[in-house]
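Here is a quick walk through one model, from the overall build down to single residues. Have the viewer open and follow along.

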Amino acid sequence: MVHDTFITNIPKAELHLHIEGSLEPELMFRLAKRNRISIPFQSVEDVKKAYNFNNLQDFLDIYYAGASVLQTAEDFHDLATAYFARAAADGVTHTEIFFDPQTHTTRGIPFDVVMEGLLSGIAEAKAQHGISVLLIMCFLRHLDEDSAFATFKSAEKWIPHISGVGLDSSELGHPPSKFARVFAAAGSAGLMRVAHAGEEGPPSYVVEALDLLNINRLDHGNRALEDAALTARLAREAMTLTVCPLSNLKLCVVDNLNNHPVNRMLDAGLRVTINSDDPAYFGGYINDNFRALVAAGKVSREDIITLARNSFLGSFLKDEDLATQIEALNTFVAAHTVSH
Ligand SMILES: Nc1ncnc2[nH]cnc12
Ligand SMILES: [Zn+2]
């Protein structure tokens with residue numbers, strides 16, 4: 001396939017990855033057995049057959065059920081290290097992962113157990129793969145503001161280990177405005193802010209995320225394209241969009257990758273990045289997303305370089321670390337440029 005090894009090896013960051021969405025069926029079975037949890041599937045094939053979704057909610061119902069096998073710090077450690085190994089093999093040198101504390105605390109799993117497991121997984125991955133990792137704690141938008149504030153309170157002692165807050169789960173009917181106050185509190189605590197908006201929700205949700213949540217980065221953002229003034233604003237403000245092509249396909253945000261808006265986004269001057277969202281559920285990790293776009297004729301080799309560069313520019317890396325990552329990318333590109 002065209003650009004295959006180039007995609008594999010180009011240094012890149014992943015900025016939209018739900019760690020719970022990287023739970024592969026094999027690990028789900030292993031953890032179910034280890035923790036004596038019953039899951040409504042007989043086999044790995046059975047699980048994979050269930051991964052047919054008509055919309056975001058269809059997926060979320062299965063995703064939350066799958067997360068029930070995660071019980072101990074060791075489980076979160078194993079989940080995280082499996083993803084980091086896979087990402088490193090895909091040339092990911094930096095990743096900013098989402099985790100959903102409420103998915104676990106509402107089942108009686110303490111916040112501290114989640115953090116201890118993830119942090120030990122991160123330490124191991126840094127040592128083994130040299131990958132750098134930042135953590136983004138997401139609030140579930142189908143739950144209320146009080147629950148988000150309670151989560152934020154539980155996070156207090158862990159704040160030095162958390163880079164930002166995010167907003168995910170069922171978008172329709174749960175506008176960003178619902179979380180304006182908790183995002184303001186997070187901002188005051190020095191945290192960065194991101195939000196899913198415009199995945200299924202209207203362009204007005206993207207405007208709310210910008211104006212009421214003061215986001216530093218927009219997750220998905222597809223439907224922003226329906227509003228020309230909003231698109232121009234996103235380009236002018238150099239807002240990074242974390243776009244997830246295979247997720248969009250699986251959740252019927254697009255009917256076909258030939259109709260994916262990534263090229264229109266690039267043409268509009270948007271700072272687009274490519275990400276896998278929930279790779280265990282959507283049939284591919286980050287490079288599978290790149291490859292699918294190339295196969296659909298959506299992106300060129302030059303675009304791949306732009307997308308990789310955007311992934312670092314849109315990251316929350318600090319100056320010196322950002323410069324190091326960009327330098328490694330430039331070195332790679334220079335070494336892989338055919339001179340005429
Ligand atoms: N794509 C997505 N949209 C909203 N919430 C999510 N949680 C996990 N994946 C998600
Ligand atoms: Zn997502």
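This is a predicted model: local features need pLDDT of at least 70, side-chain atom pairs count only at pLDDT 80 or more; totals for chains, interfaces and linings use all residues.

The notes below go from the whole chain to the strands, the core, the ligand shell and a few individual residues.

## Ground rules

Residues are numbered from 1 along each chain as its sequence is written, and chains are lettered from A and ligands numbered from 1 in the order in which they are written.

## The whole chain

The secondary structure of the protein chain comes to 17 helices and eight strands; these are DSSP runs numbered from the N terminus, with helices being H or I of at least four residues and strands being E of at least two. The radius of gyration is 19 Å, close to the 20 Å from the globule rule for 340 residues, so the chain is as compact as a globular protein of that length. For that comparison, the radius is taken over C-alpha atoms, and the rule is 2.2 Å times the number of residues to the power 0.38. Along the principal axes, the C-alpha atoms fill a box of roughly 60 × 40 × 40 Å.

Buried residues make up 47% of the 340 residues. Here a residue is buried if 20 or more other C-beta atoms lie within 10 Å of its own, exposed if 12 or fewer, and partly exposed in between, with C-beta atoms placed from the backbone. Of the contacts with a separation of 6 or more, 76% come from residues 24 or more positions apart; a contact is two C-beta atoms, placed from the backbone, within 7 Å.

Start at strand 1 (residues 12-18), where seven of the seven residues are buried. Strand 1 runs parallel to strand 2 (residues 92-99) and is joined to it by five bridges, with Ala13 standing opposite His94. Two strands count as paired if DSSP finds at least two bridges between them.

Strand 2 is largely enclosed by the rest of the structure, because eight of its eight residues are buried. On to strand 3: six bridges join it to strand 2, again in parallel, and Thr95 sits opposite Val133.

Strand 3 (residues 132-140) then pairs with strand 4 over five bridges, also in the parallel sense. Leu140 has Asp168 as its bridge partner in strand 4. In strand 4 (residues 164-168), five of the five residues are buried. Gly164, Gly166 and Asp168 point one way and Val165 and Leu167 the other, and all are buried.

## The nonpolar core

Which residues touch the most other members of the largest nonpolar core? Among its 91 residues, those are Phe99 and Ala209. A core of this kind is a set of buried Ala, Val, Leu, Ile, Met, Phe, Trp, Tyr and Cys residues joined through C-beta atoms within 7 Å. Leaving out residues up to four places away in sequence, Ala209 touches Pro176, Ala195, Ala197, Ile215 and Leu218.

## Around ligand 1

The shell of ligand 1 holds His18, Gly21, Leu56, Tyr63, Asp168, Ser169, His196, Glu199, Ser247, Asp277 and Asp278. Being in the shell takes a C-beta atom, placed from the backbone, within 6 Å of the ligand. By class, the shell divides into two nonpolar, five polar and four charged residues. The scheme takes Ala, Val, Leu, Ile, Met, Phe, Trp, Tyr, Cys and Pro as nonpolar, Asp, Glu, Lys and Arg as charged, and the others, Gly among them, as polar.

Most residues other than glycine have a negative phi. Asp277, one of the ligand 1 shell residues, has a positive phi near 65 degrees. Asp277 lies in the loop between strand 8 (271-274) and helix 14 (279-282) and counts as buried, with 31 C-beta neighbours inside 10 Å.

Cys252 also has a positive phi, of about 60 degrees, although it is not a glycine. Look for Cys252 in the loop between helix 12 (245-250) and helix 13 (262-267); it has 14 C-beta neighbours inside 10 Å and so counts as partly exposed.
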